[in-house]
Each structure stands twice: as structure tokens, then as C-alpha cells.
Amino acid sequence: MCSLVRLLFLGVLPLLLFFNSVYSQGTGIPPNESRTLGKLLPNVKLVDSYGNTFDIYELKGKPIILSPIYTHCNSACPIITDSLKKVIPKLGKPGEDFWVISFSFDPKDRIEDIRKFQQDHLIDGFGWKVVIAKDKEDLFRLVDAIDFRFMTLENRDFVHPNLLVVISPDMRVKRYIYGVVFDYRDLKRALEGESFLEKARPYLFFVGLIGFASTSLYILLKIFKKVK
Amino acid sequence: MDRAERGAFITAVAFMGFFFALIVYAAKGLNIDVPTCITDVKPFTQGQVIQHAPDRYEIHYLAKMWYFEPADVELPVGSTVDIYLTSGDVIHGFKIDGTNVNLMAIPGTVAYARVKFDKPGVYHIVCHEYCGIGHQNMATKIIVKGGEQQ
């Protein structure tokens, strides 16, 4: 009886709290990380706030902090951008150590909109670029590659998950960081080299599967042996 | 253990293993999405079709006694559609025939599923949860046009 109570307190309660915190974090539909992590980004054409068109693969060689936003946002996106502005000086210089891209996913956003966003938020526009996709096809290729889903509301508003995506120097989706305010340690860890766990991620599922299968096999054998 | 008992036991476990393997295959091999229920947004009060790109749509379905809004929708073949569904009154069902979209319209929440229409044709949508006296007439359709048929 006592052990049951202890199990509840040590095992189930933290689990419930964990799920609670996970659920309260996001709005909208969270991305399915298992489908995107480690996958190569498509080579989409982007347009920055100065009107220059470039391929995202031109940024190869440095990690990218990709921040999906839309310019008419007046709730989460400005907070995300301001938080990034506070955190980024602690990590290095954008353009030299890494790239920062604020990417507008609003299909209606034009260059004027992102230019205004760039000027309002005092973003330099070079190391930290504010971009839109060249055309709709590119937009949805990029949005699908990070499994970012949004729901359209009235007045050009959207329901969307609040997150940053860290892209590795070889253009693979590396890590998602959720929330509207960020801790520089999270970002630092994401920008650094891959940890063992990240390398093992594709195999984790199969390790679990083997564990599950062997456990059930063991239980079955046990049951039959007991009877025999 | 009796022989018959053991046979039943092994059969049951084998079936469970088979179904588990199917679930794993659906999730990992077929990339099937599980419907999502969004509970932290204010549900929309109007149904509408939003076109983002030539093959990208968002449809907001409002289920009410006893119709869906918007009514018939026409889409080009190959469209990827984000379907959002809410209810204006009681709980309704939402099943697009011929796809794996099977949602529940719950007042106060928004249900979500993504579907890609690869084949042209008429996709009937029915309410499959009893919602009152007019339930059997509650249906609409998506007409997917284009492709080889035309």
C-alpha cells in the first residue's frame, strides 16, 4: 500500500505535471518533430527586406536560427523577436557565427511588410534577415519541411505554434525550441555540435521496439514456464 | 494450462502483436496523421474556404443543426487541404468518404486534419454522430476536379 502511494507521488504525478506543461506551451498544431528532424531542407528561394533574392543553400556552412513569424502579428511574434534580440548578442554575431532568419509565413506578406517589420524591430537585415518566400510554392515547401501549420483568422491573424527552428550548417532540421521567450543556453546548446542523443535519435524508436518485443516475449515465456 | 486455453491465449497475443505492427506501420510507413483538437482558440463562427496557393487550401467547416458551412466546395486535383471543424451547437460528426478524415465537431473546440486529394471525384461528407431530428440529411461534398478524367 505504501509503495503504491509512493509510486503515485514519484511516478505518476511528475508525469502528469510534465504533460500539463507540454500542453500549456503551444497554441495551434505543434509540428511532428519525428518527421522533420534530421531531414534536409528544400533549396527554396527567399526574398529579404532589401529585395534581394537568394537561395537558402547560399547560407550553407553556418547554422541558421529560423523564426517563423508574420508581420501583422501583435501578440506572440513581436515578443519572439524581442526575446531573440536580447538573447542573440550572448551567442555571437549574426552573419559571422550563425544566421538568423525571421521568416514570414503569411502568404499575403509583401516586401513592404517585411521591410517595415525589419525597421520597426531595428533588425540589421544582413546577418539577421527578415524574409518572405519568393513564391507560394517555395513558401509551402519550406513550411512543410519544418511541419509548421497555421490556421487563418480574420484581419490577417493566424493561430500558430510559437517556436524557433535551428538548422544545422548542412541544412538539416536540427532542433525545435518552443516558447515566446528564450533562454540563451537552449539556443547555445542547439547551435553547438550534435550530442550523442541527437545522433541516436533515428534509432531510438527501434531500440524501444526491441525492448518492447523482448519484454513481451519474456513475459510470455515466463507465463508458460510457470504452468509447465 | 489446457491446450485450448493456450491456443486462445497465443491467438490473442498474436493478434495484438499484428495490430501493434499495423499501428507502427501506419505511423512510420504511411505517415498517417492523428486528428488534432485545438482547445486554446476561439472557434470561428463562419465557415469559409481560404486559398493560400493554387494547390493549398484551408477550409473552415462550421457544423450546425443540420448542415455544414460551407456547402459544396470545388477544388483542383492534387490540393492539400487543412480542414478545421467546429460546431455551432451540439456535437456533430465529420467523415469525408474515401479519405481517412474522421473528426468530431465539439462546441468550443476546433478539430483539425490535413488531407491531400490526389484523385478527382466527388467526396461526400456526412455527419456520423446523431445530432437531432434532421441528422440523416446533414451532408455536404467536396468536388475534386481536373486530372485525367476531364
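**A helix with a kink**

Analyst: Let's begin with a bend: a kink of about 25 degrees lies at A:Lys85 in H3(A), shortly before the proline A:Pro89. The bend at a residue is the angle between axes fitted to the seven residues ending there and the seven starting there. Helices (H or I, at least four residues) and strands (E, at least two) are DSSP runs, numbered from the N terminus. Before we go on, note that this is a predicted model, in which local features need pLDDT of at least 70, side-chain atom pairs count only at pLDDT 80 or more, and totals for chains, interfaces and linings use all residues. Residues are numbered from 1 along each chain as its sequence is written, chains are lettered from A and ligands numbered from 1 in the order in which they are written, and side-chain values use heavy atoms, with hydrogens and water left out.

User: What span should helix H3 of chain A have, and how far apart are its end C-alpha atoms?

Analyst: The expected span of a helix is 1.5 Å times one less than its number of residues. For the 16 residues of H3(A), residues 76–91, that gives 22 Å, and the end C-alpha atoms are 22 Å apart, which agrees. Just after the helix, A:Gly92 takes a positive phi of about 140 degrees.

User: Which residues of H3(A) are buried?

Analyst: First the general idea: an α-helix has 3.6 residues a turn, so residues three or four places apart point the same way. Buried means under 20% relative accessible area, exposed over 50%, and partly exposed in between (1.4 Å probe, protein chains only). In H3(A) the buried residues include A:Ile80, A:Leu84, A:Val87, A:Ile88 and A:Leu91.

User: And what do the buried residues of H3(A) pack against?

Analyst: A contact means heavy atoms within 4.5 Å. The packing partners, in chain A, are strands E3 (64–69), E4 (99–104), E5 (128–133) and E8 (163–167), together with helices H4 (111–120) and H6 (184–191). As for the chain as a whole, it has seven helices and nine strands, and 44% of its 228 residues count as buried. Residues 24 or more positions apart account for 70% of the contacts in chain A with a separation of 6 or more.

User: Is A:Glu137 buried or exposed?

Analyst: A:Glu137 sits in helix H5 (residues 136–145) of chain A. With a relative accessible area of 58%, A:Glu137 is exposed. The C-alpha atoms of A:Glu137 and A:Lys45 are separated by 9.7 Å, although the two are 92 residues apart along the chain.

User: Let's turn to strands. How many bridges join E7(B) to strand E8 of chain B?

Analyst: In a regular strand the side chains alternate between the two faces of the sheet. Two strands pair if DSSP finds at least two bridges between them. E7(B), residues 92–96, has four of its five residues buried. Four bridges join E7(B) to E8(B), residues 102–105, in an antiparallel arrangement, with B:His92 opposite B:Ala105. The two strands form a hairpin with five residues between them, and B:Gly98 in the turn has a positive phi of about 90 degrees.

User: Where does the pairing continue from there?

Analyst: Two bridges join E7(B) to E10(B), also running antiparallel, and B:Ile96 has B:Ile125 as its bridge partner. E10(B), residues 121–126, pairs in turn with E11(B) in the antiparallel sense over six bridges, where B:Ile125 stands opposite B:Thr140. E11(B), residues 139–145, also pairs in the parallel sense with E5(B), residues 73–76, over four bridges. There B:Glu74 stands opposite B:Ile143.

User: Which residues does B:Ile38 touch?

Analyst: B:Ile38 lies in strand E1 (residues 36–38) of chain B and is buried, with a relative accessible area of 2%. Not counting residues up to four places away in sequence, B:Ile38 touches A:Gly28 and A:Ile29 in chain A, and B:Tyr84, B:Thr109, B:Val110 and B:Tyr112 in chain B. B:Thr109 is itself buried, at 12% relative accessibility.

User: How many residues of chain B are in contact with chain A?

Analyst: 27 residues of chain B are in contact with 23 residues of chain A. Buried area is the accessible area (1.4 Å probe) that two parts lose on being put together, summed over both. Here that comes to about 2,300 Å², 65% of it on carbon and sulfur atoms. On the chain B side, B:Met1, B:His52 and B:Arg56 lose the most area to chain A, together 22% of what that side buries.
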